[in-house]
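Subject: The two-chain model

Hi,

Here is the structure I promised to pass on. Have a look at it first, and then read on for what turned up in it.

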Amino acid sequence: MAPRVIESDVCIIGSGISAAMVAEKLAEERTATIVVVEAGDESDRLNQRPALRRRFLDYGETPWRKDHLDGYEVAGIQSRSMQVGGLAMHWGGVTPRFSPEDFKVRSLYGVGNDWPLSYEELDPWYQEAEVRLGVAGEQGPQELDPRGRPFPLAPIPLSYNLLRLREWTAQAGISMWSQPSAKNSVPYRGRPACCRNDTCTPVCPIGAKYSPDFTWEALRKAGRVQLLPRTVVRRLVRESSGERVSRAVAVARDGGAELEFRAKTFVVACGYAWSSHLLLLSGLANRSGLVGKYLTGHRNVSGYVSLPLRLYPGMNGQHSLVSKQFMRVPRGERYLRHDLRVWESSVGKEPRLTDAQGKVLLGDELLADWRRRTATGTARVRAYYDVIPDRESALSLDGSKRTPWGDPLPQLAFRDAPESAELRAWSEEQIRALFARMAKAGGGEVISARSDSFQDHPAGGCRMGDDPATSVTDSWGRSHDHENLFVVGAPTCVSGGCANGTLTFCALSLRSAAEIGRSL
Amino acid sequence: MAFLPRRRFVLQLAGLLPLPFLARRLHASAVADLDPRLLRALASAVLPGALGASGMERTAAGFERWLAGYREGVELVHGYGTGELRRTGPSPALRWANQLRELDAAAQRAHGASFERVTVAQRQGLVRSALEGQRLAGMPAIDRASHLSLGLLAFFYTSAEATDLCYEARIGDSTCRPLAQSERRPLPLAERS
């Protein structure tokens, strides 16, 4: 059967948040025809989410019913999300920027690699991303949190609990402020203000938190994109002569003829795992041998601190305080950079079935026991610290596992560069000591502290750089090897910084979109 | 054709039906089997008196709705940092209905009266006996509670109403509330915003 051919100016593969940024910007600024190809299903619509959220609250059921592909069980992957809107359908909406230092750790501290662009160059794109997502934020101290323009939305107010906890951190000498979030503090772009439903992760029932489906819905309604869900791109194919990519070969999960997408420009926007996977399957963009390499992220140390404060857990549990006070390495000290966050918590204060003597508590006794133990409060503290990625922190093709279409699945193995591996134990010890100092300053104590084994907020795999020998794309996300092939968002990151990467992925994607637009 | 014994016939018939269908029927039948009067007697023994009669009734009725709405084998929310998928477990309804009957039988044996007719203290004693030997600590997940009494407690104590009752404040956890009001201390339970 002859393949069904779909032609466009721009073919975007993937429909997550980076793809949404590229499509929206191109649709606004250019007349180009845009086709978006998504392997997953349509996501549930906003009007279905209150009921799905109810099932989540009552039974723990997932509110995203068709968010992954069966047969795609992958070693080392951190989420199975694959649907229209991608992983950002169930993100927490937390949108800090990276710090200026993140972009030049080699120049400043002699570790890792510098990015091929500076924070200052990215600042306008951060601003644009903040406007498109609707970021509510509070300006931190200018020297720690520089920005060219104010946040588009007023900050999410600090709850009574966070106000008390900010007083506590101030006693410990730490300046903290409201975490920037893509959650409406006031109605914005037709979506309502947040009303503290407290289920940002996994689902906002009212659409106060940005998710990419809103962008897709608007673009589709306006006829500005053609989005094909349930369509798996298996290969990108080069022209027989030359280095341009000529088509993407795909299968519809519902069967039928093979599909062939022809476009002037191809944009790979499949996140940190599937972007490298597609390029490896296609044998493209890999002159450097670095496709899939330098997977990056950051690790965290989390803890709970018991404090002599009367707090009221449940006021806005997913919102936090943040500080960038520890983003710079003091002169002459070992390399450690981290952020710091504080949330309200009920850990250690939950209702219990037995008292300290093991007696079963029922009726009034149980409530009285709970009330006694909640006379004081708990804070959750977390620090994400920078991990320098190793070249062999990598995604590779797994010869032993295949997709339902016979292609090798990827396997992922994150690895610290030697300098980070050497510092790991010491770094975590320093952060635990910080928690202990904070607890002491408030007259409390650390209940527990632990470090996640995995690297959070993954990125990399197609890192950007000026040198084609040591990077996969240039700073615009254009493949060094193929002038009409772009990789956008998470995969292009050189490092994972010390904060959630999504806003940075969006800023980078918008910068790529500007270059894609110029090249059309 | 020789007649099949009734039990064997039913089992063979069941073998022809899809498993999810059978599970749903079994679950519905067990939910219907949960005696509402005994359940309310249990609620008044294990829930705090501060709830009052209407709060007890609201909780018991809510628990019945929760149980009726339970579905086996449904995908759970994804864990953080893992691609592993998990699903809801078997319905606890049949097990819990049996446990409620056992509490009633134990009341008859110990006190010569139905579970709903004995005093709250006697009911609590019977629940404690039923829980004897179990290693208890925090609240279990509702559906994985080893005993109906624990399922009922977990149902109540994971509610926004329980949190408000504990803190004696109108926190309204996980309910839609104006953002601006979050800056002030929650109002005492008795007051309205």
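Before the details, one term: a residue is called buried if 20 or more other C-beta atoms lie within 10 Å of its own, with C-beta atoms placed from the backbone. Please also keep in mind that this is a predicted model.

Let me start with helix H8 of chain A, residues 363-373, where A:Gly363, A:Leu366, A:Leu367 and A:Trp370 are buried. Looking down the axis of H8(A), these buried residues fall within an arc of 95°, so they line one face of the helix. What do the buried residues of H8(A) pack against? Their partners are in chain B: helix H3 (36-46), helix H6 (120-131) and helix H8 (160-167).

That brings us to the contact between the chains, which takes 49 residues from chain A and 47 residues from chain B. On the chain B side, H3, H6, helix H7 (148-157) and H8 each supply at least two residues. Sorted by class, this side of chain B has 28 nonpolar, 12 polar and 7 charged residues.

Chain B itself has 8 helices and 0 strands. Of its 193 residues, 31% are buried. Among the contacts in chain B with a separation of 6 or more, 45% are between residues 24 or more positions apart.

Chain A has 10 helices and 16 strands. Its C-alpha atoms fill a box of roughly 75 × 55 × 45 Å along the principal axes. A compact globule of 520 residues would have a radius of gyration near 24 Å, and chain A agrees with that, at 23 Å. Buried residues make up 55% of the 520 residues of chain A. Of the contacts in chain A between residues at least 6 apart in sequence, 73% join residues at least 24 apart.

Going back to A:Val22, its contacts beyond four places in sequence include A:Ile12, A:Val267, A:Val488 and A:Ile516.

There is also a run of paired strands in chain A. Strand E5 (residues 231-238) and strand E6 (residues 245-252) run antiparallel and are joined by 7 bridges; A:Leu236 has A:Ala248 in E6(A) as its bridge partner. E6(A) is in turn joined to strand E7 (residues 259-268) by 4 bridges, again antiparallel, and here A:Val249 is partnered by A:Glu260. Each hairpin has 6 residues between its strands. A:Gly242 takes a positive phi near 100° in the hairpin of E5(A) and E6(A), and A:Gly255 takes one near 95° in the hairpin of E6(A) and E7(A).

Is A:Lys66 partly exposed or buried? It counts as partly exposed, because it has 17 C-beta neighbours inside 10 Å. Beyond four places in sequence, A:Lys66 touches A:Asp41 and A:Gln83. The C-alpha atoms of A:Lys66 and A:Gln83 are separated by 7.2 Å, although the two are 17 residues apart along the chain.

Best wishes

Conventions. Residues are numbered from 1 along each chain as its sequence is written. Chains are lettered from A and ligands numbered from 1 in the order in which they are written. This is a predicted model: local features need pLDDT of at least 70, side-chain atom pairs count only at pLDDT 80 or more; totals for chains, interfaces and linings use all residues. A residue is buried if 20 or more other C-beta atoms lie within 10 Å of its own, exposed if 12 or fewer, and partly exposed in between; C-beta atoms are placed from the backbone. The arc is that of the directions from the helix axis to the C-beta atoms. Two residues are in contact if their C-beta atoms, placed from the backbone, lie within 7 Å. Ala, Val, Leu, Ile, Met, Phe, Trp, Tyr, Cys and Pro count as nonpolar, Asp, Glu, Lys and Arg as charged, and the others, Gly among them, as polar. Two strands pair if DSSP finds at least two bridges between them. The radius of gyration is taken over C-alpha atoms; the globule rule is 2.2 Å times the number of residues to the power 0.38.
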